[in-house]
Amino acid sequence: MNVQEAIYTLLTGDSTLCAMLSSTTAIFNEVAPQGTDNACIVFTENTYKTNRTKSGVSALDEPSLQVDIYADTAIVRNQIGARVRTVLDGHSGTVGTIKLQQIVFIDQYSNYDELSEAYRTSQDYNIRHNI
């Protein structure tokens with residue numbers, strides 16, 4: 001299991017969040033398929049930092065994560081965004097084989113995305129996990 005799979009497991013494992021989406025499978029890594037209905041979530045791992053050690057390969061990685069929420073209204077977008085933050089922010093523990101030390105919410109930006117014709121929120125998180 002990798003970090004993306006762990007995030008997918010956390011998001012799809014929350015029944016309240018899934019009930020807010022267009023379908024229970026409306027959570028995607030990297031790209032939503034063409035024609036996907038709103039509301040949906042797309043998450044992407046952006047950058048990846050490691051912690052150098054003198055004795056070899058780092059045992060701790062720190063990827064950043066972007067979560068994009070798309071919806072037909074600003075109200076639904078905001079409700080889903082709040083739920084995503086509840087699910088991810090501050091989470092720690094083992095998901096599959098990934099030992100998450102902590103997921104930390106950094107910031108978010110909301111707008112109307114003309115290209116996708118949807119209300120969008122982008123949330124940024126930092127993740128610390130043992131490898």
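Predicted model: local features only at pLDDT ≥ 70, side-chain atom pairs only at ≥ 80, totals over all residues.

A: Residues are numbered from 1 along each chain as its sequence is written, and side-chain values use heavy atoms, with hydrogens and water left out.

Q: How much space lies in the largest pocket?

A: Rolling a probe the size of a water molecule over the atoms shows where empty space is left. A pocket is an open set of points on a 1 Å grid over the protein atoms alone, where a 1.4 Å probe fits, with protein on both sides within 12 Å along at least five of seven lines; lining residues have an atom within 4 Å of a point. Here the largest pocket holds about 260 Å³, a volume being the space filled by probe spheres set on the points. Of its 13 lining residues, Ala32, Pro33, Thr36, Cys40 and Ser116 are the closest to the centre.

Q: Is alanine 71 buried or exposed?

A: Buried means under 20% relative accessible area, exposed over 50% (1.4 Å probe, protein chains only). Alanine 71 has a relative accessible area of 0%, so this residue is buried. Alanine 71 belongs to strand S3 (strands are DSSP runs of E, at least two residues, numbered from the N terminus), where 11 of the 12 residues are buried.

Q: Which residues does alanine 71 touch?

A: Contact means heavy atoms within 4.5 Å. Not counting residues up to four places away in sequence, alanine 71 touches Asn38, Ala39, Val76, Arg77, Ala118 and Tyr119.

Note on methods: Helix = DSSP H or I, 4+ residues; strand = E, 2+ residues; numbered from the N terminus.
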